[in-house]
Amino acid sequence: MRLGVLDIGSNTVHMLAADIHPGGRPLATTSDRTVLRLMRYLTPGGAISPEGVRALEDAVDQARRVADADDLHTLIATATSAVREAANGAEVITRIEARLGQPLQVLTGEMEAELTFLAVRRWFGWSAGRLMLLDIGGGSFEFAAGEDELPEVSASAPLGAGRMTLQFLSDDPPGEERVAVLRAHAESTLAPIIESFRVLPDPDHVVGTSKAIRSLARLVGYPTRGWSGSERMLLPRASLASWVPRLARIPASARQELPGITPDRTFQITAAAVCLLTAMEMLDIDELEVCPWALREGVLLRYIEQSGMGPTVPLR
(Lines give C-alpha, C1' and ligand atoms only; values in the text may rest on other atoms or scores of the structure.)
Protein backbone atom coordinates (compact mmCIF):
# COMPACT_ATOMS: atom_id res chain seq x y z
CA MET A 1 0.00 0.00 0.00
CA ARG A 2 1.28 3.46 -0.83
CA LEU A 3 0.88 6.24 1.74
CA GLY A 4 1.89 9.88 1.54
CA VAL A 5 2.74 12.59 4.05
CA LEU A 6 2.29 16.23 3.13
CA ASP A 7 4.45 18.21 5.56
CA ILE A 8 3.77 21.96 5.56
CA GLY A 9 6.77 23.26 7.45
CA SER A 10 8.34 26.64 8.05
CA ASN A 11 10.87 26.14 5.24
CA THR A 12 9.24 23.78 2.77
CA VAL A 13 6.08 22.08 1.61
CA HIS A 14 7.21 18.49 1.20
CA MET A 15 5.20 15.51 -0.04
CA LEU A 16 6.80 12.14 0.70
CA ALA A 17 5.20 8.93 -0.60
CA ALA A 18 6.23 5.50 0.60
CA ASP A 19 5.23 1.88 0.05
CA ILE A 20 4.40 0.10 3.29
CA HIS A 21 3.51 -3.44 4.27
CA PRO A 22 2.95 -5.13 7.64
CA GLY A 23 6.22 -5.73 9.47
CA GLY A 24 8.32 -3.82 6.94
CA ARG A 25 9.90 -0.40 6.93
CA PRO A 26 8.44 2.39 4.74
CA LEU A 27 10.20 2.49 1.37
CA ALA A 28 10.18 5.98 -0.14
CA THR A 29 8.92 6.16 -3.73
CA THR A 30 8.31 9.86 -4.42
CA SER A 31 9.55 13.10 -2.89
CA ASP A 32 8.25 16.48 -4.04
CA ARG A 33 9.54 19.59 -2.31
CA THR A 34 8.79 23.30 -2.68
CA VAL A 35 11.05 25.73 -0.82
CA LEU A 36 8.78 28.38 0.66
CA ARG A 37 10.36 29.84 3.85
CA LEU A 38 7.05 31.04 5.29
CA MET A 39 8.84 33.16 7.88
CA ARG A 40 9.65 35.63 5.10
CA TYR A 41 5.93 36.27 4.64
CA LEU A 42 5.06 37.14 8.22
CA THR A 43 3.62 40.62 8.77
CA PRO A 44 4.63 42.74 11.80
CA GLY A 45 1.48 41.45 13.49
CA GLY A 46 2.52 37.83 13.02
CA ALA A 47 0.10 36.91 10.21
CA ILE A 48 1.06 35.20 6.98
CA SER A 49 0.72 37.87 4.29
CA PRO A 50 -1.68 37.46 1.34
CA GLU A 51 1.34 36.86 -0.90
CA GLY A 52 2.53 34.13 1.48
CA VAL A 53 -0.89 32.48 1.57
CA ARG A 54 -1.00 32.41 -2.23
CA ALA A 55 2.51 30.93 -2.38
CA LEU A 56 1.47 28.32 0.17
CA GLU A 57 -1.66 27.44 -1.78
CA ASP A 58 0.38 27.06 -4.97
CA ALA A 59 2.83 24.74 -3.19
CA VAL A 60 -0.03 22.67 -1.76
CA ASP A 61 -1.64 22.43 -5.21
CA GLN A 62 1.66 21.16 -6.63
CA ALA A 63 2.01 18.56 -3.87
CA ARG A 64 -1.59 17.46 -4.36
CA ARG A 65 -0.99 16.94 -8.09
CA VAL A 66 2.06 14.79 -7.39
CA ALA A 67 0.15 12.80 -4.77
CA ASP A 68 -2.76 12.20 -7.15
CA ALA A 69 -0.40 11.08 -9.92
CA ASP A 70 1.27 8.65 -7.50
CA ASP A 71 -2.05 6.86 -6.86
CA LEU A 72 -1.81 7.09 -3.07
CA HIS A 73 -4.10 5.07 -0.86
CA THR A 74 -4.02 7.84 1.76
CA LEU A 75 -2.44 11.28 2.05
CA ILE A 76 -1.78 12.49 5.59
CA ALA A 77 -1.54 16.29 5.63
CA THR A 78 0.25 18.00 8.54
CA ALA A 79 1.44 21.50 9.41
CA THR A 80 3.94 22.70 12.00
CA SER A 81 5.04 25.91 13.70
CA ALA A 82 4.72 28.52 10.92
CA VAL A 83 1.04 27.76 10.37
CA ARG A 84 0.04 26.96 13.95
CA GLU A 85 1.59 30.17 15.32
CA ALA A 86 0.44 32.58 12.60
CA ALA A 87 -2.05 35.22 13.74
CA ASN A 88 -4.29 34.20 10.85
CA GLY A 89 -3.54 30.50 11.26
CA ALA A 90 -7.21 29.43 11.44
CA GLU A 91 -7.98 31.18 8.14
CA VAL A 92 -4.89 29.71 6.48
CA ILE A 93 -5.80 26.21 7.67
CA THR A 94 -9.32 26.57 6.23
CA ARG A 95 -7.92 27.65 2.86
CA ILE A 96 -5.40 24.79 2.76
CA GLU A 97 -8.08 22.26 3.64
CA ALA A 98 -10.25 23.59 0.81
CA ARG A 99 -7.38 23.11 -1.67
CA LEU A 100 -6.60 19.63 -0.34
CA GLY A 101 -10.18 18.45 0.02
CA GLN A 102 -9.35 16.90 3.40
CA PRO A 103 -8.48 17.89 6.99
CA LEU A 104 -5.09 19.34 7.89
CA GLN A 105 -3.58 18.07 11.13
CA VAL A 106 -1.71 20.86 12.92
CA LEU A 107 1.01 19.36 15.10
CA THR A 108 2.12 20.90 18.38
CA GLY A 109 5.84 21.20 19.05
CA GLU A 110 5.67 18.32 21.52
CA MET A 111 3.92 16.15 18.91
CA GLU A 112 6.68 16.99 16.44
CA ALA A 113 9.26 15.88 19.00
CA GLU A 114 7.42 12.65 19.81
CA LEU A 115 6.84 11.67 16.17
CA THR A 116 10.45 12.39 15.22
CA PHE A 117 11.62 10.42 18.25
CA LEU A 118 9.52 7.46 17.08
CA ALA A 119 11.24 7.58 13.68
CA VAL A 120 14.68 7.74 15.30
CA ARG A 121 13.88 4.84 17.62
CA ARG A 122 12.75 2.67 14.71
CA TRP A 123 15.85 3.60 12.72
CA PHE A 124 18.28 2.82 15.55
CA GLY A 125 16.36 -0.13 17.02
CA TRP A 126 15.77 -1.26 20.58
CA SER A 127 19.37 -2.37 21.10
CA ALA A 128 20.49 1.27 20.86
CA GLY A 129 19.30 1.84 24.43
CA ARG A 130 18.49 5.34 25.65
CA LEU A 131 18.24 8.00 22.95
CA MET A 132 18.31 11.78 23.04
CA LEU A 133 17.00 13.71 20.03
CA LEU A 134 17.77 17.22 18.76
CA ASP A 135 15.85 18.45 15.72
CA ILE A 136 16.04 21.99 14.28
CA GLY A 137 13.37 23.15 11.86
CA GLY A 138 12.65 26.52 10.33
CA GLY A 139 10.40 27.70 13.15
CA SER A 140 11.19 25.55 16.18
CA PHE A 141 13.82 23.37 17.85
CA GLU A 142 12.60 20.03 19.24
CA PHE A 143 14.09 17.83 21.96
CA ALA A 144 13.14 14.37 23.21
CA ALA A 145 14.73 11.60 25.26
CA GLY A 146 13.88 8.13 26.54
CA GLU A 147 14.40 4.39 26.17
CA ASP A 148 11.05 3.45 24.61
CA GLU A 149 9.16 4.53 21.47
CA LEU A 150 7.47 7.33 23.40
CA PRO A 151 9.98 9.74 24.95
CA GLU A 152 10.05 10.30 28.69
CA VAL A 153 10.56 14.02 28.11
CA SER A 154 9.82 16.08 25.00
CA ALA A 155 9.97 19.82 24.44
CA SER A 156 9.87 22.45 21.73
CA ALA A 157 11.55 25.87 21.71
CA PRO A 158 10.88 28.77 19.28
CA LEU A 159 14.48 28.65 18.05
CA GLY A 160 14.04 27.53 14.46
CA ALA A 161 16.71 28.54 11.97
CA GLY A 162 14.40 30.67 9.81
CA ARG A 163 12.82 32.43 12.78
CA MET A 164 16.20 33.22 14.38
CA THR A 165 17.70 34.42 11.09
CA LEU A 166 14.94 36.98 10.63
CA GLN A 167 14.99 38.03 14.27
CA PHE A 168 18.75 38.21 14.91
CA LEU A 169 20.87 37.58 11.78
CA SER A 170 19.18 39.53 8.99
CA ASP A 171 22.40 41.30 7.96
CA ASP A 172 24.55 39.61 5.34
CA PRO A 173 26.99 38.56 6.65
CA PRO A 174 25.58 38.81 10.19
CA GLY A 175 28.89 39.30 12.00
CA GLU A 176 30.05 37.89 15.31
CA GLU A 177 28.35 40.56 17.46
CA ARG A 178 24.89 39.56 16.22
CA VAL A 179 25.81 35.90 16.64
CA ALA A 180 26.66 36.62 20.27
CA VAL A 181 23.25 38.23 20.77
CA LEU A 182 21.53 35.18 19.27
CA ARG A 183 23.62 32.89 21.45
CA ALA A 184 22.53 34.73 24.60
CA HIS A 185 18.90 34.53 23.51
CA ALA A 186 19.23 30.80 22.83
CA GLU A 187 20.79 30.20 26.23
CA SER A 188 17.98 31.97 28.10
CA THR A 189 15.29 30.26 26.01
CA LEU A 190 16.78 26.80 26.45
CA ALA A 191 17.58 27.05 30.18
CA PRO A 192 14.28 25.60 31.50
CA ILE A 193 14.23 22.89 28.82
CA ILE A 194 17.78 21.83 29.54
CA GLU A 195 16.98 21.38 33.24
CA SER A 196 14.24 18.86 32.43
CA PHE A 197 16.72 16.76 30.44
CA ARG A 198 19.62 16.94 32.88
CA VAL A 199 17.74 14.85 35.46
CA LEU A 200 17.47 11.90 33.05
CA PRO A 201 20.05 9.09 32.85
CA ASP A 202 22.81 9.63 30.31
CA PRO A 203 21.78 8.63 26.78
CA ASP A 204 23.54 5.86 24.89
CA HIS A 205 23.15 7.80 21.64
CA VAL A 206 22.56 11.50 21.01
CA VAL A 207 20.89 11.90 17.63
CA GLY A 208 20.36 14.86 15.33
CA THR A 209 17.79 15.00 12.54
CA SER A 210 16.49 17.64 10.08
CA LYS A 211 17.94 19.07 6.90
CA ALA A 212 19.85 21.79 8.79
CA ILE A 213 21.64 19.29 11.01
CA ARG A 214 22.42 17.01 8.06
CA SER A 215 23.87 20.01 6.21
CA LEU A 216 26.02 20.98 9.18
CA ALA A 217 27.22 17.39 9.52
CA ARG A 218 28.39 17.40 5.92
CA LEU A 219 30.18 20.68 6.56
CA VAL A 220 31.89 19.97 9.89
CA GLY A 221 31.41 16.25 10.54
CA TYR A 222 32.85 12.99 9.31
CA PRO A 223 31.54 9.60 8.18
CA THR A 224 31.95 6.39 10.10
CA ARG A 225 30.84 2.83 9.62
CA GLY A 226 27.30 1.99 10.73
CA TRP A 227 26.03 -1.21 12.32
CA SER A 228 24.95 -2.73 9.01
CA GLY A 229 28.04 -1.63 7.13
CA SER A 230 26.37 1.52 5.81
CA GLU A 231 28.00 4.89 6.30
CA ARG A 232 26.68 7.27 8.97
CA MET A 233 27.65 10.84 9.80
CA LEU A 234 28.87 12.21 13.12
CA LEU A 235 28.81 15.91 14.04
CA PRO A 236 31.45 16.90 16.65
CA ARG A 237 30.78 19.91 18.87
CA ALA A 238 34.39 21.10 18.67
CA SER A 239 34.31 21.28 14.88
CA LEU A 240 30.96 23.07 14.92
CA ALA A 241 32.32 25.61 17.40
CA SER A 242 35.27 26.36 15.14
CA TRP A 243 32.96 26.99 12.16
CA VAL A 244 30.42 29.33 13.80
CA PRO A 245 32.70 32.44 13.70
CA ARG A 246 33.56 31.69 10.08
CA LEU A 247 29.91 31.33 9.08
CA ALA A 248 29.21 34.67 10.74
CA ARG A 249 31.75 36.37 8.48
CA ILE A 250 30.88 34.64 5.19
CA PRO A 251 28.16 36.22 3.00
CA ALA A 252 25.23 34.04 1.99
CA SER A 253 26.36 33.96 -1.65
CA ALA A 254 29.61 32.29 -0.58
CA ARG A 255 28.09 29.92 2.02
CA GLN A 256 26.36 27.88 -0.68
CA GLU A 257 29.78 27.00 -2.06
CA LEU A 258 30.62 25.21 1.20
CA PRO A 259 30.30 21.42 1.43
CA GLY A 260 26.76 20.36 2.33
CA ILE A 261 25.19 23.85 2.26
CA THR A 262 22.46 23.91 -0.39
CA PRO A 263 21.15 27.22 -1.79
CA ASP A 264 17.86 26.92 0.13
CA ARG A 265 19.76 26.68 3.46
CA THR A 266 22.46 29.26 2.89
CA PHE A 267 20.66 32.11 4.67
CA GLN A 268 19.60 30.04 7.67
CA ILE A 269 22.59 27.81 8.30
CA THR A 270 24.39 30.24 10.62
CA ALA A 271 21.42 30.53 12.96
CA ALA A 272 21.01 26.75 12.93
CA ALA A 273 24.69 26.32 13.81
CA VAL A 274 24.54 28.82 16.68
CA CYS A 275 21.40 27.30 18.25
CA LEU A 276 22.66 23.74 17.82
CA LEU A 277 26.05 24.57 19.31
CA THR A 278 24.42 26.32 22.28
CA ALA A 279 22.21 23.30 22.98
CA MET A 280 25.13 20.87 22.68
CA GLU A 281 27.19 22.93 25.11
CA MET A 282 24.37 23.28 27.64
CA LEU A 283 23.64 19.53 27.48
CA ASP A 284 27.36 18.65 27.48
CA ILE A 285 27.07 16.76 24.19
CA ASP A 286 30.40 16.11 22.48
CA GLU A 287 29.04 14.55 19.31
CA LEU A 288 25.77 13.98 17.44
CA GLU A 289 24.89 10.94 15.36
CA VAL A 290 22.85 11.97 12.31
CA CYS A 291 19.68 10.01 11.53
CA PRO A 292 18.15 10.13 8.02
CA TRP A 293 14.60 9.58 9.35
CA ALA A 294 12.70 12.45 10.94
CA LEU A 295 9.18 13.88 11.27
CA ARG A 296 7.66 12.62 8.01
CA GLU A 297 8.75 9.05 8.66
CA GLY A 298 7.43 9.34 12.21
CA VAL A 299 4.03 10.48 10.90
CA LEU A 300 3.92 7.45 8.57
CA LEU A 301 4.89 5.04 11.33
CA ARG A 302 2.34 6.40 13.81
CA TYR A 303 -0.41 6.33 11.18
CA ILE A 304 0.37 2.71 10.32
CA GLU A 305 0.18 1.77 14.02
CA GLN A 306 -3.08 3.57 14.70
CA SER A 307 -5.14 3.06 11.59
CA GLY A 308 -4.82 -0.52 10.45
CA MET A 309 -4.39 0.97 6.94
CA GLY A 310 -7.90 2.45 6.94
CA PRO A 311 -9.07 6.00 6.21
CA THR A 312 -7.10 8.92 7.57
CA VAL A 313 -7.22 9.11 11.37
CA PRO A 314 -5.92 11.95 13.57
CA LEU A 315 -2.39 11.51 14.86
CA ARG A 316 -2.26 11.26 18.65
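Predicted model: local features only at pLDDT ≥ 70, side-chain atom pairs only at ≥ 80, totals over all residues.
Strand β7 (residues 141–146) runs antiparallel to β8, and five bridges join the two.

- Seven strands make up an open sheet with mixed pairing, in the order β8-β7-β6-β9-β12-β11-β10.
- At the edges you will find β8 (153–157) and β10 (222–225), each of which pairs on one side only.
- From one strand to the next, the twist averages 30°.
- Helix α6 (residues 175–198) packs on this sheet, where it touches β6 (131–136), β7 and β8.
- The direction of α6 makes about 170° with that of β8.

**Helices α4 and α11**
- Helix α4 (residues 109–124) and helix α11 (residues 295–307) have axes that come within 7 Å and cross at roughly 85°.
- Angles of 65 to 115 degrees count as roughly perpendicular, and α4 and α11 are therefore roughly perpendicular to each other.
- On the α4 side, the contact is made by E112, L115, T116, L118, A119 and R122.
- On the α11 side, L295, E297, G298, V299, L301, R302 and E305 take part.
- Sorted by class, this contact of α4 with α11 has six nonpolar, five charged and two polar residues.

**Cysteines**
- The structure holds zero disulfides.
- C275 counts as buried because its relative accessibility is 1%, and buried means under 20%.
- C291 likewise counts as buried, at 0% relative accessibility.

How values were computed. Residues numbered from 1 in each chain as written. Heavy atoms only, no water. Disulfide = S-S within 2.5 Å. Buried < 20%, exposed > 50% of the residue type's maximum accessible area, 1.4 Å probe, protein only. Axes fitted to C-alpha atoms, helices over the stretch in contact; angles between N-to-C directions. Helix = DSSP H or I, 4+ residues; strand = E, 2+ residues; numbered from the N terminus. Parallel < 35°, antiparallel > 145°, perpendicular 65-115°, else oblique. Contact = heavy atoms within 4.5 Å. Nonpolar A, V, L, I, M, F, W, Y, C, P; charged D, E, K, R; others polar. Pairing = 2+ DSSP bridges.
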